[in-house]
Amino acid sequence: DNRFAVDPISGEVTIALTLNRERLDTYELTIAATDRGVPARNSTAKLNITVLDYNDNPPVFNKTMYTFNVSESVDSVAANGSSIAFTVLVLSTTDADI
């Protein structure tokens with residue numbers, strides 16, 4: 001899909017279009033070279049490219065708003081005088097980055 005370009009003189013491989021790891025994480029290119037001899041000779045090589053992930057997606061909460069009630073009658077002090085922590089909500093998120 002023309003995401004990469006190969007300079008015919010230097011052989012330098014460059015990125016021609018934007019890459020997105022979440023859409024496609026590997027590319028396999030077949031590079032061909034032909035000489036100017038008579039008869040012309042050619043050869044091919046495979047180039048495997050792995051796209052590394054960039055943190056380009058923010059985490060997303062499962063909801064945009066959370067509402068809950070907490071009773072004021074919950075005793076937050078243990079018998080020994082130390083404070084007790086009560087879980088009132090567990091939040092979770094997803095992230096499209098790998």
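Let's start with Tyr27, which counts as buried because its relative accessibility is 9%, and the cut-off for buried is under 20%. One caution before I go on: this is a predicted model, so please keep that in mind throughout.

So where does Tyr27 sit? Tyr27 is in strand β3. And what does Tyr27 touch, once we leave aside its neighbours within four places in sequence? Tyr27 is in contact with Asp1, Arg3, Phe4, Leu19, Leu47, Asn48, Ile49 and Val51.

Pick Phe4 out of that list, please. How many aromatic pairs does the count give? The count comes to one aromatic pair. The rings are those of Phe4 and Tyr27, with centres 5.1 Å apart and planes at 75°, so the pair is edge-to-face. Phe4 lies in strand β1 and Tyr27 in strand β3, so the pair ties together parts that are 23 residues apart in sequence.

Now, the core. Which residues make up the largest nonpolar core? There are five: Phe4, Tyr27, Leu29, Ile49 and Val51. As background, in soluble globular proteins, nonpolar side chains tend to be buried together. Take Leu29 from that set: not counting residues up to four places away in sequence, Leu29 touches Phe4, Ala45, Lys46, Leu47 and Ile49.

While you're looking at that part of the model, have a look at Arg3. Arg3 lies in the segment before β1, and β1 itself covers 4-6. Buried or exposed? Arg3 counts as buried, at 13% relative accessibility. Leaving aside neighbours within four places in sequence, Arg3 is in contact with the run Thr14, Ile15, Ala16, Leu17, Thr18 and Leu19, and also with Arg23 and Tyr27. So that's Tyr27 again, this time as a contact of Arg3.

On to charges. Side chains of opposite charge can pair when their charged atoms come close. How many salt bridges does the structure hold? The structure holds two.

One of the salt bridges is between Asp25 and Arg21, with the closest N and O atoms 3.1 Å apart. Asp25 is partly exposed, with a relative accessible area of 31%.

There is also a salt bridge between Glu28 and Lys46, and there the closest N and O atoms are 3.7 Å apart. Glu28 lies in strand β3 and Lys46 in strand β4, so this pair ties together parts that are 18 residues apart in sequence. Both Glu28 and Lys46 are exposed. Lys46, by the way, was also on the contact list of Leu29.

A cis peptide bond joins Val38 and Pro39, with omega at about -5°. Where is Pro39? Pro39 is in the loop between β3, residues 26-34, and β4, residues 42-50.

Next, go further along the chain to Thr93. Thr93 is found in strand β6, residues 93-94. Thr93 is partly exposed, with a relative accessible area of 41%. Leaving aside neighbours within four places in sequence, Thr93 is in contact with Pro59, Val60, Phe61 and Asn62. The C-alpha atoms of Thr93 and Asn62 are separated by 5.8 Å, although these residues are 31 apart along the chain.

Okay, let's zoom out to the whole chain. What does the secondary structure look like? The protein chain has zero helices and six strands, and along the sequence the pattern reads β-β-β-β-β-β.

Now the overall dimensions. A compact globule of 98 residues would have a radius of gyration near 13 Å, but this chain has 29 Å. Along its principal axes, the C-alpha trace spans about 95 × 30 × 15 Å. How many of the 98 residues count as buried, as a percentage? The figure is 7%.

Two last numbers for the chain. Of the contacts with a separation of 6 or more, 43% are between residues 24 or more positions apart. The accessible surface comes to about 8,600 Å², and 53% of that belongs to carbon and sulfur atoms.

That's my tour. Over to you for discussion.

Notes: Residues are numbered from 1 along each chain as its sequence is written. This is a predicted model: local features need pLDDT of at least 70, side-chain atom pairs count only at pLDDT 80 or more; totals for chains, interfaces and linings use all residues. Side-chain values use heavy atoms; hydrogens and water are left out. Helices (H or I, at least four residues) and strands (E, at least two) are DSSP runs, numbered from the N terminus. Buried means under 20% relative accessible area, exposed over 50%, partly exposed in between (1.4 Å probe, protein chains only). Contact means heavy atoms within 4.5 Å. A salt bridge is a side-chain nitrogen of Lys or Arg within 4 Å of a carboxyl oxygen of Asp or Glu. A nonpolar core is a set of buried Ala, Val, Leu, Ile, Met, Phe, Trp, Tyr and Cys residues joined through side-chain atoms within 4.5 Å. Rings of Phe, Tyr and Trp (its six-membered ring) pair if their centres lie within 6.5 Å; planes under 30 degrees apart count as stacked, over 60 as edge-to-face and the rest as tilted. The radius of gyration is taken over C-alpha atoms; the globule rule is 2.2 Å times the number of residues to the power 0.38. Accessible areas come from the Shrake-Rupley method with a 1.4 Å probe; for residues, only the protein chains shown count as cover.
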